[in-house]
There are 2 protein chains.
Amino acid sequence: MGGDHGPAVVVAGIARDAAEWQAKGVRFLLHGDQGAIEAELSRTPKAKPLCDVRHTDKVISSDEKPAQAMRRGKGTSMWNAVDSVRQGESHAAVSAGNTGALMAVSKLILRMMANLERPALVATWPTAKGFSSVLDVGANIDCDAQRLVEFAIMGEAFHRAVHGAANPSVGLLNVGSEEQKGHEEVREAHALLRESEVKLHYLGFVEGDDITKGTADVVVTDGFTGNVALKTTEGVARFVRDELRAALTSSWLSKLGALIASAGLRRLWRRLEAPDGAPFLGLNGIVVKCHGGAEAKGFASAIHVAVNLAQSQYASEIERNLQQLTKALAEHPEVREAPSETIE
Amino acid sequence: MGGDHGPAVVVAGIARDAAEWQAKGVRFLLHGDQGAIEAELSRTPKAKPLCDVRHTDKVISSDEKPAQAMRRGKGTSMWNAVDSVRQGESHAAVSAGNTGALMAVSKLILRMMANLERPALVATWPTAKGFSSVLDVGANIDCDAQRLVEFAIMGEAFHRAVHGAANPSVGLLNVGSEEQKGHEEVREAHALLRESEVKLHYLGFVEGDDITKGTADVVVTDGFTGNVALKTTEGVARFVRDELRAALTSSWLSKLGALIASAGLRRLWRRLEAPDGAPFLGLNGIVVKCHGGAEAKGFASAIHVAVNLAQSQYASEIERNLQQLTKALAEHPEVREAPSETIE
């Protein structure tokens with residue numbers, strides 16, 4: 001029921017790749033207003049045979065606070081979707097609804113893995129080489145070294161499951177490549193990743209421009225820096241796009257040139273698009289957030305992320321590596337004891 | 001003598017706007033190898049009458065460490081240029097040399113204002129509305145609330161002097177606009193800027209995408225986040241430019257279109273260019289760093305920054321506002337006593 005466009009986008013998103021879901025044996029359990037959903041399904045014959053509907057007339061609205069959602073969310077479509085993952089009835093939940101509420105409800109129902117305190121959000125950047133996965137981009141503002149290594153572990157498993165890289169490389173975001181640079185937390189995480197038993201393909205420090213160069217498949221940072229990097233990138237991309245449009249409509253000659261080059265320009269816009277669908281990493285269960293304003297194509301992309309994660313070894317890989325991290329921390333007690341305030 | 005192209009770029013940079021410097025009474029004292037510099041001057045009759053040469057055959061190389069530069073830099077062209085500011089012989093120093101060495105030498109010779117520990121680097125972003133000034137983008141990794149407010153004070157005076165805005169607006173970079181969001185340091189700085197006697201045109205929190213929107217003239221952040229935002233922006237801009245070039249050469253039709261629209265596209269590249277020349281803010285004296293790879297146009301732009309700062313009330317404005325901050329902190333002792341580790 002969530003997102004700006006409600007069930008229409010969800011059903012149309014399923015229909016886009018209906019043949020693939022049919023072939024893979026993927027089925028969908030749609031939570032929400034039965035009448036509204038069935039009306040959409042009857043208009044969409046490709047999606048209909050793949051879907052079951054679970055009725056509820058309760059919804060979490062887009063302006064509800066996370067705390068309200070946790071107290072009053074029981075029985076809503078969002079709550080039921082996440083709860084069906086806990087009960088083993090579904091392998092993953094996908095929602096375009098209220099992000100804060102989805103995170104709070106998911107955490108409450110599914111609980112976090114191991115020592116994690118809250119889910120990490122991963123964002124996908126298009127790069128010169130394909131895509132890079134950057135995390136955390138939102139929820140974890142202050143991160144100690146252990147948290148950063150946990151992000152590395154989760155991001156690596158995510159990237160393998162979703163982008164098919166056998167051995168994704170991992171970089172730690174910093175302000176320079178020298179060992180003495182950056183926050184204490186970043187330097188400690190660097191030491192842990194290089195020396196520990198957590199066997200990741202760790203490249204060392206990377207800088208902001210390495211994200212779009214595709215230097216590392218997975219770029220690890222705290223939620224404050226990651227969120228600023230993501231929003232800054234969105235801003236720059238929008239600014240360049242607006243300026244390009246202005247430049248190509250500034251005279252009739254430019255307009256003519258743009259018309260003639262339109263196939264190339266369409267290719268450009270496609271290249272700059274990041275796929276939709278960001279999982280909350282670190283939960284005991286798969287929950288994928290789709291952009292609230294997503295159209296069918298975006299929702300379909302989020303479904304692909306959920307299916308790829310559900311059909312991979314993602315959860316067991318993370319669990320195994322988190323156990324290795326616990327061992328490594330026992331061998332490097334100085335990292336665990338390092339003063340690192342976590343203000344949240 | 002610094003920069004990738006040595007004295008040729010410095011002399012050509014002066015020559016570009018020789019008429020303006022002549023009219024404004026601006027003169028240049030060039031430090032370095034007399035023979036090399038005079039050879040350039042004799043090839044550049046527009047620059048020659050504006051310049052005096054101060055010979056030295058010592059230089060700081062581009063790979064010298066800051067600590068080496070401080071120990072062994074005496075008598076080099078960089079040292080002498082900064083020292084001429086301390087002696088009152090020059091009003092500002094401009095260099096395209098080794099950044100770390102220039103910062104260390106400047107700090108050693110000129111000393112920091114008030115309580116500041118090290119200079120802040122300001123970067124200029126082109127925006128939908130003109131330019132925004134973002135600081136710190138490099139030197140100050142961990143910043144407490146007081147440091148962030150100092151950046152606001154320095155950035156505001158810089159923006160007025162260089163971009164001519166009478167009352168520049170100031171925003172504090174955060175991950176959301178709500179008061180409870182972000183690091184403790186950011187929330188404390190927000191409280192100080194809103195309530196204190198430091199009379200800035202403070203807008204509150206801004207996010208990463210506000211930088212290119214031009215929401216605030218001056219965007220304040222710690223050096224870690226600012227450096228990541230700057231490098232990420234450079235990476236995204238380069239990626240989009242490369243993709244645009246690829247799209248416009250992908251077929252003969254696209255090539256033809258690009259050729260026809262070339263005036264518009266040239267306008268675009270100009271719009272996306274940030275002016276060169278970043279001052280080290282907070283020194284008792286003006287030192288402007290020009291990009292090492294700058295050509296004459298970039299060096300000319302750095303000279304403009306230096307002249308604008310030297311001919312403004314910039315230094316006295318900063319000093320007055322820093323005094324107001326000291327008063328405000330005395331009235332809000334809780335901010336000064338807040339725990340804020342400064343790891344450097």
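Across the interface of chain A and chain B in this predicted model, eight residue pairs are in polar contact, both partners having pLDDT 80 or more. The side of chain A that touches chain B draws at least two residues from each of β4 (120-126), α8 (184-195), α9 (210-213), α10 (223-247), α11 (252-260) and α12 (262-271) of chain A. Of these elements, α10(A) gives the most to that side, with 18 residues. Sorted by class, the side of chain A that touches chain B comprises 28 nonpolar, 16 polar and 13 charged residues.

The contact as a whole takes 57 residues from chain A and 57 residues from chain B. The size of an interface is often given as the accessible area lost when the parts come together. Between chain A and chain B the buried area is about 4900 Å², and carbon and sulfur atoms give 68% of this area. Charged side chains also meet across the interface of chain A and chain B, where two salt bridges are found. One salt bridge is formed by the side chains of A:Lys231 and B:Glu207, with a distance of 2.3 Å from N to O. Over all chains, the count of salt bridges comes to 26.

A salt bridge within chain A may be examined next. A:Arg160 pairs with A:Glu156, and their closest N and O atoms are 2.9 Å apart. Both A:Arg160 and A:Glu156 belong to helix α7 (residues 145-163) of chain A. The two residues are four positions apart in that helix, which is about one turn.

The description now turns to the sheet of chain A. Eight strands of chain A form an open sheet with mixed pairing, in the order β3-β10-β9-β4-β5-β8-β6-β7. The edge strands are β3 (92-95) and β7 (201-206) of chain A, each of which pairs on one side only. From one strand to the next, the twist averages 30 degrees. Within this sheet, β4(A) and strand β5 (residues 131-135) of chain A run antiparallel and are joined by five bridges.

In chain B, an open sheet of eight strands has the order β3-β10-β9-β4-β5-β8-β6-β7, and its pairing is mixed. Why is one side of β3 (92-95) and of β7 (201-206) of chain B left without a neighbour in the sheet? These strands stand at the edges and each has a single partner strand, so one side of each lacks a neighbour in the sheet. The twist of this sheet averages 30 degrees from one strand to the next. Strand β4 (residues 120-126) of chain B runs antiparallel to strand β9 (residues 278-281) of chain B, and two bridges join them. At the residue level, B:Leu121 stands opposite B:Phe280 in β9(B). Helix α8 (residues 184-195) of chain B packs on the sheet and touches β6 (169-173) and β7 of chain B. The direction of this helix makes about 155 degrees with that of β7(B).

In chain A, the peptide bond from A:Leu135 to A:Asp136 is cis, with omega near 0 degrees. A:Asp136 is placed in the loop between β5 and α7 of chain A. In chain B, a cis peptide bond joins B:Leu135 and B:Asp136, with omega about 0 degrees. B:Asp136 is located in the loop between β5 (131-135) and α7 (145-163) of chain B. A further backbone feature concerns A:Arg111, a residue other than glycine whose phi is positive, near 70 degrees. A:Arg111 lies in the loop between α6 (99-110) and β4 of chain A.

Key: Residues numbered from 1 in each chain as written. Chains lettered and ligands numbered in written order. Heavy atoms only, no water. Contact = heavy atoms within 4.5 Å. Buried area = accessible area lost by both parts, 1.4 Å probe. Salt bridge = Lys/Arg side-chain N within 4 Å of Asp/Glu carboxyl O. Polar contact = N/O pair within 3.5 Å; in protein donor to acceptor, adjacent residues only side chain to side chain. Nonpolar A, V, L, I, M, F, W, Y, C, P; charged D, E, K, R; others polar. Pairing = 2+ DSSP bridges. Axes fitted to C-alpha atoms, helices over the stretch in contact; angles between N-to-C directions.
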